[in-house]
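Please consult the sequence and structure shown below alongside the text.

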Amino acid sequence: MRRAVIDPEGFERLFRETIDPWNYEASDFEAFKRGILLRACGTRLYGRGLELACAIGETTRVLAPRCLRLVALDASPTALDEAVRRLGGRPNVTFRLARLPSGMPGGSYDLIVASEILYYLSPNDLRRLTASMIRALAPGGRIVIVHHLCDFDDAAIRPRAAQSYAFHRLSARMRCVYSYQTRWFQAAAFVKGDGKVSVRAISGAAPRKRISTTSCRPKPAGR
Ligand SMILES: C[S@@+](CC[C@H](N)C(=O)[O-])C[C@H]1O[C@@H](n2cnc3c(N)ncnc32)[C@H](O)[C@@H]1O
């Protein structure tokens, strides 16, 4: 039976039950995915970074050294409290409680990272958020999107469709400078302006640990 689509309140309940539902801290797969996300960010040190849907801050931990200032937001107060507990000592990181797309912060950013968030939005909110991300990007800035491709039953939009929509919308306005795809997820990066970077497309190097092909997205603990 199909589970109900999960909304921010559902995520809040999930984090209250289990603070690290996808085992971000210890999972080899999540570490592998974060490594790809970092590669998609390129080698630059960014001025202002924005991480959308930071959860408990494990991706924030690897993004923080890459940005002079990093704003990391999420709609779950419990996840944010945990992120502050884990990373609160970093003076360049600000955590913010915000529900997307309406809570998209103002200002402009040199790096915007959206990982595993787009398919939890309604189609209309996905359109709004993608437009806000494009508007919020500073000239020469980079947007990185990382999302699963396989179906899972609490997503509001089919994962492949959400990533594909964002990929095409961003490609229409910016240059794709990085694309990496496995059977499990896709990471892509887009640059605004005409910095001289060529597209680097890599496909399918498997993570060291075997991932189940029937369940490409590990189920949250306790569900
Ligand atoms: C699967 S986790 C992804 C965490 C992290 N970005 C990553 O890739 O490892 C999804 C996160 O999105 C957050 N979230 C879901 N809907 C949201 C919304 N409308 N606005 C802000 N955060 C949201 C949840 O609270 C949760 O922390």
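Two residues are in contact if their C-beta atoms, placed from the backbone, lie within 7 Å. In this chain, residues 24 or more positions apart account for 65% of the contacts with a separation of 6 or more. This is a predicted model, in which local features need pLDDT of at least 70, side-chain atom pairs count only at pLDDT 80 or more, and totals for chains, interfaces and linings use all residues. Residues are numbered from 1 along each chain as its sequence is written.

**Overall architecture**

- The chain holds six helices and eight strands; helices (H or I, at least four residues) and strands (E, at least two) are DSSP runs, numbered from the N terminus.
- Read from the N terminus, the order of elements is α-α-β-α-β-α-β-β-α-β-α-β-β-β.
- Of the 223 residues in the chain, 36% are buried, a term for residues with 20 or more other C-beta atoms within 10 Å of their own C-beta atom, placed from the backbone (exposed: 12 or fewer; partly exposed: in between).

- Strand S7 spans residues 185-191, and seven of its seven residues are buried.
- In a regular strand, side chains alternate between the two faces of the sheet.
- Phe185, Ala187, Ala189 and Val191 point one way from S7, while Gln186, Ala188 and Phe190 point the other way.
- Strands pair if DSSP finds at least two bridges between them.
- S5 (residues 137-148) runs antiparallel to S7 and is joined to S7 by seven bridges; Arg142 stands opposite Val191 of S7.
- S6 (residues 175-181) is also antiparallel to S7, with six bridges joining the two, and Cys176 has Phe190 in S7 as its bridge partner.
- Three residues lie between S6 and S7, which form a hairpin.

**Helices H1 and H4**

- The axes of H1 (residues 8-17) and H4 (residues 77-87) come within 7 Å and cross at roughly 50°; axes are lines fitted to C-alpha atoms, for helices over the stretch in contact, with angles running from 0 to 180 degrees between N-to-C directions.
- H1 is therefore oblique to H4, the class left after roughly parallel (under 35 degrees), roughly antiparallel (over 145) and roughly perpendicular (65 to 115).
- Glu12, Phe15 and Arg16 in H1 meet Pro77, Thr78 and Ala79 in H4.

**Ligand surroundings**

- Among the 17 residues around the ligand, Phe11, Ala53, Ala55, Ala75 and Ser115 come nearest; a residue is near a molecule if its C-beta atom, placed from the backbone, lies within 6 Å of it.
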